[in-house]
Amino acid sequence: MTVFAVEYVYDAESSEARSASRPSHREWTAALAQDGVLLASGPYGDGAGALLIFKAADENALNDILKQDPFASAGVISGTRTTEWVPVTGLLADHA
């Protein structure tokens with residue numbers, strides 16, 4: 001399995017839509033975390049986006065997962081950046 005860092009950039013005008021879809025987004029992330037697919041996630045302090053750390057077989061599998069995010073279907077994500085990441089120190093290092 002490969003670890004990926006996924007950065008979301010939220011649409012500047014999406015505050016209401018994010019608030020409305022946040023409960024289902026959080027249910028989605030909680031289920032992925034319980035399954036060991038999502039290692040960590042959370043919004044940036046300025047509210048402009050979020051960082052999610054996933055474990056997936058490859059980038060295609062990761063993209064299939066990301067398409068299921070309620071934030072994606074709500075249209076609140078204006079951009080994503082996906083990077084393969086190798087944690088070598090800390091709590092996530094065991095997942096590399």
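Reader: By class, which residues make up the lining of the largest pocket?
Author: Glad you started there; keep in mind that this is a predicted model. Charged residues give three members to the lining of the largest pocket and polar residues give five. The nonpolar class accounts for eight.

Reader: What volume does the largest pocket have?
Author: Rolling a probe the size of a water molecule over the atoms shows where empty space is left. For the largest pocket, the volume comes to about 210 Å³.

Reader: Which lining residues are the closest to the centre of the largest pocket?
Author: The lining of the largest pocket holds 16 residues. Closest to the centre of the pocket are Tyr-10, His-25, Arg-26, Gly-42 and Pro-43.

Reader: Which element gives the most to the lining of the largest pocket?
Author: Two or more lining residues come from each of strand 1, helix 1, strand 2 (38-43) and strand 3. With five residues, the element that gives the most is helix 1.

Reader: Which residues is Leu-52 in contact with, leaving aside its neighbours within four places in sequence?
Author: Leu-52 is among the core members that touch the most others. Once neighbours within four places in sequence are set aside, the contacts of Leu-52 are Phe-4, Ala-5, Val-6, Tyr-8, Leu-38, Ala-40 and Ser-41.

Reader: Is Ala-57 buried or exposed?
Author: Ala-57 belongs to the loop between strand 3 and helix 2. The cut-off for exposed is over 50%. The relative accessibility of Ala-57 is 52%, so this residue counts as exposed.

Reader: What distance separates the C-alpha atoms of Ala-57 and Thr-2?
Author: Beyond neighbours within four places in sequence, Ala-57 is in contact with Met-1 and Thr-2. Along the chain, Ala-57 and Thr-2 are 55 residues apart, yet their C-alpha atoms are separated by 5.9 Å.

Methods:
Residues numbered from 1 in each chain as written. Predicted model: local features only at pLDDT ≥ 70, side-chain atom pairs only at ≥ 80, totals over all residues. Heavy atoms only, no water. Core = buried A, V, L, I, M, F, W, Y, C linked by side-chain atoms within 4.5 Å. Buried < 20%, exposed > 50% of the residue type's maximum accessible area, 1.4 Å probe, protein only. Contact = heavy atoms within 4.5 Å. 1 Å grid on protein atoms, 1.4 Å probe; cavity = no way out; pocket = protein on both sides within 12 Å on 5 of 7 lines; lining within 4 Å. Points joined across faces, edges and corners; volume = space filled by probe spheres on them. Helix = DSSP H or I, 4+ residues; strand = E, 2+ residues; numbered from the N terminus. Nonpolar A, V, L, I, M, F, W, Y, C, P; charged D, E, K, R; others polar.
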